[in-house]
Amino acid sequence: MTSTHARNTKVMNRFELTQRLVAGLKDEAVIGGIGNTNFDLWAAGHRPQNFYMLGSMGLAFPIALGVALAQPNRRVFALEGDGSLLMQLGCISTIATLAPKNLTMVVMDNGIYQITGAQPTPAAGHADLVAIALASGIANSSWAADEDDFERLIEQSKQASGPTLIGVRIDDKPGTGTTRRDPVQIRERFMNGMGVRQLL
Amino acid sequence: MAAAEQASSKDKGQSATSWHGIVLQTLKRNEIKLVPYVPDRVLTTLIKDLHADPYFNTFPTAREEEAVGIVSGAWMAGMRGAVLMQTSGFATLANVLASLAVPYQIPLIMFVSERGTLGEFNYGQALVCRTMRPVLDSLAMEHHTITRLDELEFIADRSIKQAVTTQAPVALILSPLLTGGKTFDK
């Protein structure tokens, strides 16, 4: 059970956390959710194993699940915003049932739709997304207390016997960069990063 | 109950003479292993047979767009998939088709059990059915309505191959003329 309430956790910064994640990566896949989440992933340094979403809000975890099922020997990270996850909460139940141990989900929770004008989400201040994940059957679900705890939870997820969900409270800053919006190039390079095909 | 449906329940759907047996074998022949779905009464035997066959990784999702996300991710990582749904489920997909499958050129393969026509008893289903083909046409997406058992394998097999080679999504609409559909007494 989660004994740490969201409000006891440090408010961190999305770009800084994304940089910390990317710095420790080798050939792991990373799926970046719509908007600021993938802007910061792009800004942290492009790698062919990154997939950047340009729409379909809420599908970062399902897309990551598909990658994890197709390549069970590769670690897959999914970065998603709280507003996005609220659109597709049912996917957590699907992931809990299939239980891929190579999937690590990160929820960037600032309680707002930052990119549309910082309006509060319907869950802000009330719903606890980590508790929802726990209740959905993701036993390895926890809030990161601070940056070091985030890195510890990321490392821990690599040894987990099931999927992991990590909640991080973040500030209201916008994304740092802007992903180049070329969907075919993003997909081709990602498939190359996944070892599925060679670039032309 | 349609003749094809009756034939299938006897031979567990594996027969090449039932519509769902043909769909299953066509999926297998095209190396489509991953089959997430949101269920439909008409798809019951197909779903049961997919679960019974260890070749397939098949499971329910909470929403159709979730299933589209899953097979899209899987395809980019080297595993082929297809999504099963009914008409009203397709109606939830315009956003993911327009922002993921079409622009990223992903060969999304969808089997849609058609409700809302040829004996529909629910007005809401009849109305939502009318949105399906205009949405597909508005995105210039390939789609076929399969009405005849003798054309099913040709259409499904060729359409899957075309989707993969042209990297374009396709919707295969399973008409009540093929499946028997869902009627008021069921």
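Predicted model: local features only at pLDDT ≥ 70, side-chain atom pairs only at ≥ 80, totals over all residues.
The largest nonpolar core comprises 109 residues, among which A64(A) and V67(A) touch the most other members. The element that gives the most to this core is helix α3 of chain A, spanning residues 60–70, with nine residues. Helix α3(A) is largely enclosed by the rest of the structure, because 11 of its 11 residues are buried; these are A60(A), F61(A), P62(A), I63(A), A64(A), L65(A), G66(A), V67(A), A68(A), L69(A) and A70(A). In soluble globular proteins, nonpolar side chains tend to be buried together. When neighbours within four places in sequence are left aside, A64(A) is in contact with I31(A), V76(A), A78(A) and L103(A), and also with G73(B) of the other chain.

The contact between the two chains involves 28 residues of chain A and 25 residues of chain B. On the side of chain A that touches chain B, at least two residues are supplied by each of α3, α5 (90–98) and α8 (183–193), and the largest share, eight residues, comes from α3(A). Divided by class, this side of chain A has 18 nonpolar, nine polar and one charged residues.

Within chain B, helix α2 (residues 19–29) and helix α8 (residues 149–166) have axes that come within 10 Å and cross at roughly 25°. Because angles under 35 degrees count as roughly parallel, α2(B) is roughly parallel to α8(B), and the crossing in which α2(B) passes α8(B) is right-handed. From α2(B), the contact is made by W19(B), I22(B), V23(B), T26(B) and R29(B), whereas α8(B) contributes L149(B), L152(B), E153(B), A156(B), D157(B) and I160(B). By class, the residues of this contact are seven nonpolar, one polar and three charged.

A second pair in chain B is formed by helix α4 (residues 64–76) and helix α6 (residues 94–101), which pack at an angle of about 20° with their axes 10 Å apart. This angle makes α4(B) roughly parallel to α6(B), and the crossing of the two helices is right-handed. The residues E65(B), V68(B), G69(B) and S72(B) of α4(B) meet V96(B), L100(B) and A101(B) of α6(B), and the residues of this contact divide into four nonpolar, two polar and one charged.

Two further residues, one in each chain, were examined individually. In chain A, W42(A) lies in helix α2, which covers residues 36–43, and counts as buried because 21 C-beta neighbours lie inside 10 Å. Apart from neighbours within four places in sequence, W42(A) is in contact with Y52(A), G177(A) and T179(A). Between W42(A) and G162(A), which are 120 residues apart in sequence, the C-alpha to C-alpha distance is 28 Å. In chain B, G124(B) is part of helix α7, residues 123–138, and counts as exposed because it has 10 C-beta neighbours inside 10 Å. The C-alpha atoms of G124(B) and S88(B) are separated by 9.1 Å, although the two residues are 36 residues apart along the chain.

Conventions: Residues numbered from 1 in each chain as written. Chains lettered and ligands numbered in written order. Helix = DSSP H or I, 4+ residues; strand = E, 2+ residues; numbered from the N terminus. Buried ≥ 20, exposed ≤ 12 C-beta atoms within 10 Å, placed from the backbone. Core = buried A, V, L, I, M, F, W, Y, C linked by C-beta atoms within 7 Å. Contact = placed C-beta atoms within 7 Å. Nonpolar A, V, L, I, M, F, W, Y, C, P; charged D, E, K, R; others polar. Axes fitted to C-alpha atoms, helices over the stretch in contact; angles between N-to-C directions. Parallel < 35°, antiparallel > 145°, perpendicular 65-115°, else oblique. Left-handed = near helix turned anticlockwise from the far one by under 90°.
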